[in-house]
Each structure stands twice: as C-alpha cells, then as structure tokens.
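Here's a quick tour of this protein for anyone who wants to get their bearings. Have a look at the model, then read on.

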Amino acid sequence: MKACITLLPGDGIGPEVTAEAVRCLQHVARKFNHEFEMQSAAIGGAAIDAEGDPLPAATIAACHKADALLLGAIGGPKWSDPDARVRPEQGLLRLRREFDFYANLRPVAPHPALLDASPLKAHLLAGVDIMVVRELTGGIYFGEKTRTAEHATDLCAYSATEIERIIRVAGRLARARRHRIVSVDKANVLETSRLWRTVTERVLTAEFPDVSLEHMLVDAAAMHLLRRPADFDVMVTENMFGDILTDEASMLAGSMGLLPSASLGDDRKGLYEPIHGSAPDIAGKGIANPYAAILSAAMLLRHSLQLEEEAVALETAVARAIDQGVRTPDIATAEHAPVSTRAAADAVLQEI
Ligand code: IPM
Ligand code: MN
C-alpha cells in the first residue's frame, strides 16, 4: 500500500528516537512491499524558535494531508518559564484538539526479560497486561483558564457525549481482550466524576453487557497499580488522571522509554508518540531509548494503516532485541551493558 506519514520530531530526544522509528518503518515498507512517503514538520519548542508558534499553519496543513502522524517529544527548559505566553506543550494540545484525537491508548505489558529493570518486585509483574484508555481532548486540560497576579483557575468540564465516546472505545478494546474495565474517577469529590460514573454505567450496560465494570477512585487506583497490577485489563479514565497514572504505570514496564501510545479519533488518522518527554538531560548524546518510538510506529501500522501483520513483526522485533539483552542506559544492568540509541534500533532492524 501507499501511505503518507507526517513526522513531528519536536524537541530534545524527540528527533533522535523518531529517526530510528523511521528507519524501522522504511525497513518494514521494503520487506512487505509498501511505500511510505514521509515529510517532517515543526512542532513544539523547535517551532517556537523557527516561527514563534508551537503549531505553525504549515504543520497543520501537512498533518491534514497525512494518513498518520508520528511525533517524538516536545518541551524543554529553554521554553519552560512559568510566565511564558507561548509554550511547546500548546502545540501538542492544539494538535490533539484540531484532529479530535480524543482516545489515547497506552498499553503497558512488561517484557519478561525486563522485570529486573522495574522498581517493583518481579513476582508482582508477571502477567501484567494493561491497556490504559485516556480521554485526551477534554477535562481540566482544556477548560477555561484564568490568571491574575494573586489568583488562578483551571476549569474541569465534561459532557456526556465526550464520556460516551471514550467509554465505547474502552468497551471495544475490552471485548478484544479480557472483557474487564476499571473506570477511574474521583466521584467522592468531583461532579465531573459523578457524571462520568453515570454515563459509563449507562453505556456499558446498554452496549457492552458482556464486559464487566468496576469503578475505582483515582487515589486507590494509584495504589492498586503498584499492589496488584496484574489484576487490570482495560483502565479508562479522564485526561489528567490518565496522564498521571500512565507515568506511574510505565514503571511496571521498567522505563518511560518503553511505552508507546496512539491518539485516535473517529476516522483512521492517528497521532503516535512515545509517552516519555523530551529528556533534555540526555538529548544529543545518542543514548535515548528508541523502543517506545519504534513501538509507537508499530501502533501506527496497526491503527492507521490497518497493517496488523507488519505491526506484529515490528513489535516482535523489539521483543527479540530485548531478549538478546540489547539495552539503552535507562534499562541497562551489570549483566547487560548499555548500548546507544542507534545500536538498539540496529538490533530491531536485524530482527524484522
Ligand atoms: C503526555 C504529556 C503531555 C500531556 C504534555 C507534554 C502536554 O505529558 O502526552 O502525557 O500532559 O498530555
Ligand atoms: Mn504525560
């Protein structure tokens, strides 16, 4: 098939890990006889420096033309002044909204060989396979904001429609997995959470009677993720809770550098990005973990291009590289000496 992919390398380690994901995609294309046309566009701090705008019009246009978007990472100390009017993160948030990418899928399934890389005890990690579904275009991220010298507010708002559609995504995913959903909220305090609970029950009872539902308060969920992570199947939650819980959940896998994500709307186009940030402390050193970016590319093959076999081939290649002990510094141990970003991606290429 022919597909058009817009690359959004962004800041810090973003360009380094995106370059490796691109090599893997091109290798898959050659092997399976596809043609992926790729073009890069500016986003985040890099775009602020070049054009004064974290999401320039040319970037939006390039994204509209593409079948899928592959993003590296955005942000960094250079643009982090709390009083700055223009911030790199605004580019990503506007992009999510522009294309209505409301469903953020963040799979967490520790590789058996990496249990020693997690701060959790290995026996807790056996069998962990969680799909976190984070609502991505609503809630406190996008509510009205106010700020004076001595006062600030961020409004958290959700409509029933916004909740319904994300719960349906979770329901469909649960059906293809173990048929269990944990919906995370703070219904003992927040009105938005009480609406979330009501709508969740309504949608699942009516449309997914074969899927079981448990409500869990977000503070308890943060605890249970560490205490009994293997009990979770699909976890669905609102925007900010999902942001926080997936950073926590990444430690089950051993490193932020291992977790991919897909941000989807109602059509095929999607935005794919590692959940990690721009890691300014290691940027430019060639030691960032490329696996999360490569696994994000695999999600792109699956969800936007419907190339399941190719997606599995890429995921299997990453798993085999890890099997062989090919580890960047974030997951290296005394037994497994650290390798570079490029060397880790080379190991994946070899296995495709
Ligand atoms: C993420 C990031 C973003 C978020 C930031 C960069 C705006 O942390 O994708 O998890 O909070 O959604
Ligand atoms: Mn985050």
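On the side of domain 1 that touches domain 2, the classes come out as 3 nonpolar, no polar and 4 charged residues. Keep in mind that this is a predicted model.

Salt bridges show up here too: the rule finds 2 across the interface of domain 1 and domain 2. Elsewhere in the list of charged pairs, aspartate 100 makes a salt bridge with arginine 165, and their closest N and O atoms sit 3.0 Å apart.

## How the domains sit

The domain assignment gives domain 1 as 1-100 + 265-352 and domain 2 as 119-253. Taken over C-alpha atoms, their centres are 25 Å apart. Domain 1 puts 7 residues into the contact and domain 2 puts in 10.

About 830 Å² is buried between domain 1 and domain 2, with carbon and sulfur atoms giving 56% of that. On the domain 1 side, Arg96, Arg97 and Ile275 lose the most area to domain 2, together 54% of what that side buries.

## Around the ligand

What surrounds ligand 1? You'll find Glu89, Arg96, Arg106, Arg134, Tyr141 and Asp243 there. By class, that shell has 1 nonpolar, no polar and 5 charged residues.

Oxygen atoms of ligand 1 pair up with several side chains: a polar side-chain atom of arginine 106 lies 3.0 Å from one, an N or O atom of the arginine 134 side chain is 2.8 Å from one, and for aspartate 243 the distance is 2.9 Å. The protein covers 78% of the 320 Å² of accessible area that ligand 1 has on its own.

Conventions. Residues numbered from 1 in each chain as written. Chains lettered and ligands numbered in written order. Predicted model: local features only at pLDDT ≥ 70, side-chain atom pairs only at ≥ 80, totals over all residues. Heavy atoms only, no water. Near = heavy atom within 4 Å. Polar contact = N/O pair within 3.5 Å; in protein donor to acceptor, adjacent residues only side chain to side chain. Areas by Shrake-Rupley, 256 points an atom, 1.4 Å probe, with all protein chains shown as cover. Nonpolar A, V, L, I, M, F, W, Y, C, P; charged D, E, K, R; others polar. Domains from an automatic or database assignment. Contact = heavy atoms within 4.5 Å. Buried area = accessible area lost by both parts, 1.4 Å probe. Salt bridge = Lys/Arg side-chain N within 4 Å of Asp/Glu carboxyl O.
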